[in-house]
Amino acid sequence: MASLKIDKKPVAVPQPKKLSLMKKVKRDWQLLLILLPGLIFYIIFRYGPMYGMVIAFKDYNVYKGIINSPWVGLKHFRNFFTDPAFIKLFRNTFMLGIYNLFFTFPFPILFAILLNEIRNIKFKKAVQTASYLPSFLSIVIISSMVIDFLSPSNGIINNIIAFLGMEKIYFMIRPEWFRTVYVASEVWARMGFDAILFIAAITGIDQALYEAAELDGCGRLKKMWYITIPSILPTIATLFILKSGSVFRIGFEKVLLLYNPATYEVADIFATYVYRKGFEDMNYSYAAAVGLFESIVALTMLLITNAISKKLSEQSIW
Amino acid sequence: MKKKKWTLFDYVNTLIMLLVLLITLYPFIYVVSVSLSDSSYILQNKITFYPRGINLKAYKMIFESPKIPKAYLNTIIYTVVGTTINVFLTAITAYPLAKKDLVGKKIWMTMIIITMFFSGGIIPSFIIVQRLGMIDTIWAIVIPNAIWTYELIITKSFYESLPNSLYESAVIDGASEFRILFQIFIPLSKASLASITLFYVMGHWNSFFIPMIYLNDMKKYPLQIILRDMLIFDTARRSESLGEYAALTPEALKNATIVVSILPILALYPFMQKYFVKGVMLGSIKG
């Protein structure tokens, strides 16, 4: 009995995990010190600009600074929403984003599936290695290649068009061509890179599935349709959701390099407009207001897609 | 593996892949060919697959030009300094965040993750950098993007995947957190750090928008800005005048500059692509 009593005494039990905050800080001081430079970076260069967004409600003056510039309320937002440019920018940003999403998405998948069917390992490797070469190029170089290849005077595309007996097209100054040019060059530049994940997903498929299908007399196309595609469907779905969440975040640097006043009508998007208003017209506050609006729209888009995907994934098999 | 007969599908598929190969590689072949060709052939549109009238004049012009070698040096400096800061900060910041019971971990993580979805935008960022007096200095290039959150999270996940016993035995041996980080965690994460290094290097080497807004002094321009002035503005002017051929910069020089600017990347390519693929895969684990 006595021994039992002794056993019940919680002498050897280590101190419970509930340390006071001060004690925890004392325990982790080295870790906190290591974390500090990174935290300072985030506070100044990520949260600083968030605070700086207040200039959207002020008339920012370089000499007065952020704090002392006078408040103007919603003036810049009112000006922006009543500007005819507003609808145009909204439409252009949305359209370019949607086009980009729907046309750049299928190519890497198709490429990964077809590449998987190549039997010669060396050839397969060579194609894949070459395919992500363009993703190492800068946007400046990609844009300049686009302009050069489409040039009416000596671009190869127009040379082919002329060779086929058709009339040369001035791609870069034709508004109706802008989106096509943007999206096609995006496919060229990103297909190999985006395919990496799909190729990995295909490599992970259990080979026994294919062997079983073969015994059942399935041909190549049937195996692709009934095994490869369903197996990578979860990867496809996840990536599609991720991408559609950022449909508003278009690579505006390429737009900036490819557009010109002749194509503004379709090419001008929120980000490029912010750039021109801010850095060319020096209208910081107005540009910040447009930027803030864009950030909110982009965030809303992301939250909506996220909510939809949650709903769907709860109900669907995965 | 049984040898199987080639079916129609194989022929068509191989043909498609050859086409992909051609479309991917052709721009590179073209750029190199033009850079090596004689201008008379270029003006007559005679260059398609290989150089004609081979000469190195354009490359000589690059060395003699007042701007390009300087810009090249600037790019190298920005890339080296910038990447060093990036990798160092990412590698150390990820370490405390990988600890399960770090004090305030939730707060720090939330604070960091939020910045992936919402940002102040370019104008307020510019104003902050301007207020800090960084305009026209190297600091404007290397500091405001010192940590990429995505790479930080990849590194954090990698640290988390290292066995906990490693950490515990080091603690028992009386090692400080600093020693554990620099002598155990970082050396063990070489492969993963190599791939984030690669992404940071590519980011700096190819960066054009950041130097464009933060640098006004032409002497400080990196290569990408010179390339933009030479390639895009010049060509844009040309196509706006509806095909009238009045290039300010010779075609061969333009293409030679492109070649020179991607040469270091191409030289490292076989070595880097392993880490490149790895980096993409690491990112997907988290997603």
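Colleague: Which residues of H6(B) are buried?
Modeller: This is a predicted model, where local features need pLDDT of at least 70, side-chain atom pairs count only at pLDDT 80 or more, and totals for chains, interfaces and linings use all residues. Residues are numbered from 1 along each chain as its sequence is written, while chains are lettered from A and ligands numbered from 1 in the order in which they are written. Buried means 20 or more other C-beta atoms within 10 Å of the residue's own, with C-beta atoms placed from the backbone (12 or fewer is exposed, in between is partly exposed). By that count the buried ones in H6(B) are Ile122(B), Ile123(B), Pro124(B), Ser125(B), Phe126(B), Ile127(B), Ile128(B) and Val129(B).

Colleague: Why is H6 of chain B called largely enclosed by the rest of the structure?
Modeller: Helices here are DSSP runs of H or I with at least four residues, strands are E runs of at least two, and both are numbered from the N terminus. H6 of chain B covers residues 122–131, and it is largely enclosed because the buried ones number 8 of the 10 residues.

Colleague: Is chain A more spread out or less spread out than a compact globule?
Modeller: The radius of gyration is taken over C-alpha atoms, and the globule rule is 2.2 Å times the number of residues to the power 0.38. For 318 residues the rule gives 20 Å, whereas chain A has 28 Å, well over that, so chain A is more spread out.

Colleague: How do H7(A) and H11(A) lie to each other?
Modeller: Axes are lines fitted to C-alpha atoms, for helices over the stretch in contact, with angles from 0 to 180 degrees between N-to-C directions. H7 (residues 106–116) and H11 (residues 175–203) of chain A pack at about 55 degrees, axes 7 Å apart. Under 35 degrees is roughly parallel, over 145 roughly antiparallel, 65 to 115 roughly perpendicular and the rest oblique. H7(A) and H11(A) are therefore oblique.

Colleague: Which helix gives the largest share of the side of chain A that touches chain B?
Modeller: Contact means C-beta atoms, placed from the backbone, within 7 Å. The contact takes 74 residues from chain A and 68 residues from chain B. Of the chain A side, 16 residues come from the top contributor, helix H3 (residues 29–52) of chain A.

Terms used: Two residues are in contact if their C-beta atoms, placed from the backbone, lie within 7 Å.
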